[in-house]
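Here are my notes on this model, point by point. Please read them with the coordinates open.

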Amino acid sequence: MLRIAIDAMGGDFGPEPIIEGLLAALRKNNNFTAIAVGKKDELLPIIPQIFLSRIEILDTDDVISMSDSATDALKRKESTIYKAIELVRDGKADAVVSAGHSGATMSLATLRIGRIKGVTRPAIATLMPTSENQNTLVLDVGANVDSDAKNLFEFAVMGQVYAQYALRLDEPIVGLLSNGEEDSKGNEVTKEAYKLISKIPNFAGNVEGSDIFKGTVDVVVCDGFVGNILLKTAEGVADTIGKIIKKNLKRSLISIAGAVLMRKVFKNLKVRVDYAEYGGAPLLGVKAPVIIAHGKSNPKAIQNAIFQAINAASSNLDNIIEQRLEKYSSNQEI
């Protein structure tokens with residue numbers, strides 16, 4: 001049975017939504033147990049007695065706040081995220097989920113759990129909604145501000161493996177984000193990355209930003225600077241469109257009547273763009289699954305982040321990524 005370590009104190013709203021999400025996950029999935037890392041005197045009162053057989057509490061009262069430096073986490077060995085990461089490192093847990101300080105989570109996971117052989121830099125992946133009934137996996141969206149061609153090649157391999165084995169997609173197609181579809185487009189890094197990634201099966205070549213939301217490919221590769229701007233822009237656009245729709249619906253009785261008739265459409269739209277549906281972002285490239293959830297995660301987001309961790313832990317991703325990198329790297333000079 002899988003064991004998932006949970007940073008129970010890391011979110012913006014304290015332990016309540018995190019524990020509530022954990023309880024929801026436990027109700028729906030009987031094949032895992034959890035280790036909740038946090039203040040025992042705060043966690044015990046919000047965990048029903050019936051779940052204590054499946055939730056172990058690791059007591060610690062130090063929490064890395066969002067205002068703390070990521071490097072501080074390396075020194076604070078009694079913090080919740082440090083102890084949660086150590087559980088995975090020591091083999092006492094199979095994966096970790098945290099809605100806390102993302103920089104601290106990334107740093108600790110990279111240094112304490114370690115990188116997969118052949119991976120130069122881990123990457124954060126996230127799911128973007130598309131106009132089709134599917135999602136596009138985009139990486140990197142923030143772990144690396146500067147990436148070279150080799151990094152982008154590694155991201156492509158890791159993203160394809162995650163899409164195939166964790167998201168259960170058959171032969172996922174990979175695209176390289178650029179300023180045009182032609183192989184001559186892009187800066188020097190993307191042009192060099194194009195040559196390296198072209199050795200990977202199901203590489204579709206360059207894609208543009210609009211292709212992410214069309215579902216043209218399954219995996220889109222970019223550096224963390226571009227990816228983070230893309231992610232924040234997409235979140236802002238979705239929020240703005242929602243506000244524009246609400247504002248205009250109130251302008252007339254006809255609009256209000258139309259809104260009533262289209263309730264199901266609006267509900268489906270909200271689900272498609274809601275980050276809680278995807279749970280969290282996997283940190284790909286480390287030896288065990290690490291899921292980074294949004295600090296403002298509600299219980300549904302935590303539940304889905306846990307399900308992501310379970311899927312990843314059940315998929316032997318680290319070994320597959322290592323084998324793929326070795327296979328493709330041996331066919332080219334990197």
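1. Start with Gln-303, which sits in helix H11, residues 299-313. The model is predicted. Gln-303 has a relative accessible area of 8%. That is under 20%, so Gln-303 counts as buried. Leaving aside residues up to four places away in sequence, Gln-303 touches Gly-21, Ala-24, Ala-25 and Lys-28.

2. Helix H1 covers residues 15-28. Together with strands S1 and S2, H1 makes a β-α-β unit, and the unit is right-handed.

3. Now strand S1, residues 2-7. Five of its six residues are buried, so the rest of the structure largely encloses S1. S1 and strand S2 (residues 32-38) run parallel, joined by six bridges. Ile-4 has Ala-34 as its bridge partner in S2. S1 also runs parallel to strand S4 (residues 95-98), with four bridges between them. There, Ala-5 stands opposite Val-96.

4. Which residues of helix H6 (residues 188-197) are buried? They are Thr-190, Ala-193, Leu-196 and Ile-197. Viewed down the axis of H6, the buried residues fall within an arc of 115 degrees, so they line one face of the helix.

5. Check the N-terminal end of H6, which Asn-187 caps. A side-chain oxygen of Asn-187 lies 3.2 Å from the backbone nitrogen of Val-189.

Definitions and conventions:
Residues are numbered from 1 along each chain as its sequence is written. This is a predicted model: local features need pLDDT of at least 70, side-chain atom pairs count only at pLDDT 80 or more; totals for chains, interfaces and linings use all residues. Side-chain values use heavy atoms; hydrogens and water are left out. Helices (H or I, at least four residues) and strands (E, at least two) are DSSP runs, numbered from the N terminus. Buried means under 20% relative accessible area, exposed over 50%, partly exposed in between (1.4 Å probe, protein chains only). Contact means heavy atoms within 4.5 Å. Two strands pair if DSSP finds at least two bridges between them. A crossover is right-handed if, with the strands pointing away from the viewer, the path from the first strand over the helix to the second runs clockwise. The arc is that of the directions from the helix axis to the C-beta atoms. A polar contact is a pair of N or O atoms within 3.5 Å; within protein, one must be able to donate a hydrogen and the other to accept it, and residues adjacent in sequence count only if both atoms are side-chain atoms.
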